[in-house]
Amino acid sequence: MSNSFFQPVPGTVLPRFAGVPTFMRLPYLPPDDPRVGEVDLGFYGMPWDGGTSNRPGARHGPRALRDASTMIRAEHAVTNVRPFEAMNCADLGDVQINPVEQDSSMAAITKFVGEMLARDTRPFGVAGDHLCTLPVLRAIAESGVKPALLLYDSHTDLFPPYFGSPVLTHGNPFRMAVEEGLIDCERSVMIGMRGTMYDDSDRVFGAEHGITIIPMHEAFEAGLVPTVERAKTIIGDAPTYFSFDIDFIDPAFAPGTGTPEIGGPTSAQTLDMIRAAEGLNFIGADLVEVSPPFDNGGITSWLGASVMFEMLCLMV
């Protein structure tokens with residue numbers, strides 16, 4: 001179903017350092033564009049990091065990833081998948097958030113994604129801190145779907161709000177998703193957890209609600225690809241939302257993030273783990289927590305853009 005309008009601009013036509021950057025050099029379609037209804041999968045930015053608890057900067061992630069993703073080409077080198085020929089993809093722009101007000105920003109994300117779902121466009125979000133995933137799951141729930149969650153992350157994000165405050169952070173999105181009934185816990189899997197902990201209350205909470213949590217050391221012991229195969233068995237054919245926190249990858253390869261944790265997979269191992277998820281019924285995805293101010297030479301942004309392409313190819 002290749003549509004020439006929705007093809008990325010090749011580097012042989014316009015140099016990759018030239019032109020206005022969009023996600024993967026795809027056409028930019030604002031919400032009022034007459035062709036927006038033709039989009040099968042839409043990339044969009046959530047430039048908000050007001051939920052960051054320590055090192056801010058992920059609000060600049062969507063812009064950096066747009067720039068880095070201009071290096072993406074049309075075909076996967078291993079699987080030979082050509083995603084832009086299989087479905088109409090476009091850059092739908094950024095959610096109009098309020099950088100200093102949480103509730104209105106979360107509501108804006110839910111509204112933006114809800115409008116995409118109403119047009120039968122699968123959402124692929126680029127954030128921003130991980131709290132941005134919560135309003136996306138709210139929009140999916142409002143559309144009548146309760147998906148399984150596949151999470152690649154070094155943290156569970158199942159913590160209660162910090163400091164005794166009702167204000168949410170990037171450590172809470174999936175706690176709230178559970179409490180609000182937004183995800184199918186029994187078929188949800190979290191992979192990659194590691195690092196020092198305050199306590200194990202987040203993991204206890206997840207286990208009590210039926211979420212499968214696979215810490216990084218267990219994944220290494222069992223084998224990375226077999227770990228993903230185990231996750232696929234748990235998830236089965238359920239509609240699935242794939243959320244990828246860049247801090248899943250070891251900070252030697254992805255230093256530009258807010259809460260790095262050593263002991264993670266290499267970039268090459270990460271690609272294998274993403275490819276191993278092939279066959280799941282992905283209804284949406286996001287990549288979060290790329291923080292350009294903490295990056296070195298743009299390597300985290302480039303890795304993030306590469307991860308996005310791998311995830312995109314799973315959604316064909």
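## Phe-244 and its neighbours

Phe-244 touches Tyr-152, Ile-249, Thr-270, Ile-274, Asp-286, Leu-287, Val-288, Val-307 and Met-311, leaving aside residues up to four places away in sequence. The model is a predicted one. Across the strand pairing, Phe-244 has Leu-287 of β8 as its bridge partner.

The largest nonpolar core holds 51 residues, and Leu-150, Tyr-152, Phe-242 and Phe-244 touch the most other members. Helix α10 gives the most to this core, with 9 residues. A second, separate core has 44 residues, including Phe-6, Ile-109, Leu-182 and Tyr-241. In soluble globular proteins, nonpolar side chains tend to be buried together.

## Met-311 in helix α10

Helix α10 spans residues 299-314 and contains Met-311. Is Met-311 buried or exposed? Its relative accessibility is 1%, so Met-311 counts as buried; the cut-off for buried is under 20%.

Beyond residues up to four places away in sequence, Met-311 touches Phe-124, Phe-242, Phe-244, Ile-274, Ala-285 and Asp-286. Met-311 and Glu-278 are 33 residues apart in sequence, with a C-alpha to C-alpha separation of 9.2 Å.

## Strand β4

Strand β4 covers residues 148-152. Because 5 of its 5 residues are buried, β4 is largely enclosed by the rest of the structure. Ala-148, Leu-150 and Tyr-152 point one way, while Leu-149 and Leu-151 point the other way. Residues on both sides are buried. In a regular strand the side chains alternate between the two faces of the sheet.

Strand β4 runs parallel to two partners. To strand β7 (residues 239-245) it is joined by 5 bridges, and Leu-150 has Phe-242 as its bridge partner there. To strand β5 (residues 189-193), β4 is joined by 3 bridges. In that pairing Leu-151 stands opposite Met-190.

## Strand β7 and its link to β8

Strand β7 is mostly covered, with 6 of its 7 residues buried. Which strand pairs with β7 over 7 bridges? That partner is β8 (residues 281-288), and the pairing is parallel. With helix α9 (residues 267-275), strands β7 and β8 make a right-handed β-α-β unit.

## Aromatic pairs and charges over rings

A search of the whole structure finds 11 aromatic pairs. In one of them, the ring centres of Tyr-44 and Phe-112 are 5.5 Å apart and the planes stand at 35°, so the pair is tilted. Tyr-44 lies in strand β1 (residues 41-46) and Phe-112 in helix α3 (residues 102-118), so the pair ties together parts 68 residues apart in sequence. Both partners are covered: Tyr-44 is buried at 0% relative accessible area, and Phe-112 is buried at 13%.

Two arginines sit over rings. Arg-55 lies over the face of Phe-294, at 4.0 Å from the ring centre. The charged end of Arg-175 sits over the ring of Phe-205, 4.0 Å from its centre.

Conventions
Residues numbered from 1 in each chain as written. Predicted model: local features only at pLDDT ≥ 70, side-chain atom pairs only at ≥ 80, totals over all residues. Heavy atoms only, no water. Helix = DSSP H or I, 4+ residues; strand = E, 2+ residues; numbered from the N terminus. Buried < 20%, exposed > 50% of the residue type's maximum accessible area, 1.4 Å probe, protein only. Contact = heavy atoms within 4.5 Å. Core = buried A, V, L, I, M, F, W, Y, C linked by side-chain atoms within 4.5 Å. Pairing = 2+ DSSP bridges. Phe/Tyr/Trp six-rings, centres within 6.5 Å; stacked < 30°, edge-to-face > 60°. Lys NZ or Arg CZ within 6 Å of the ring centre and 35° of its normal. Right-handed = clockwise from strand over helix to strand, strands pointing away.
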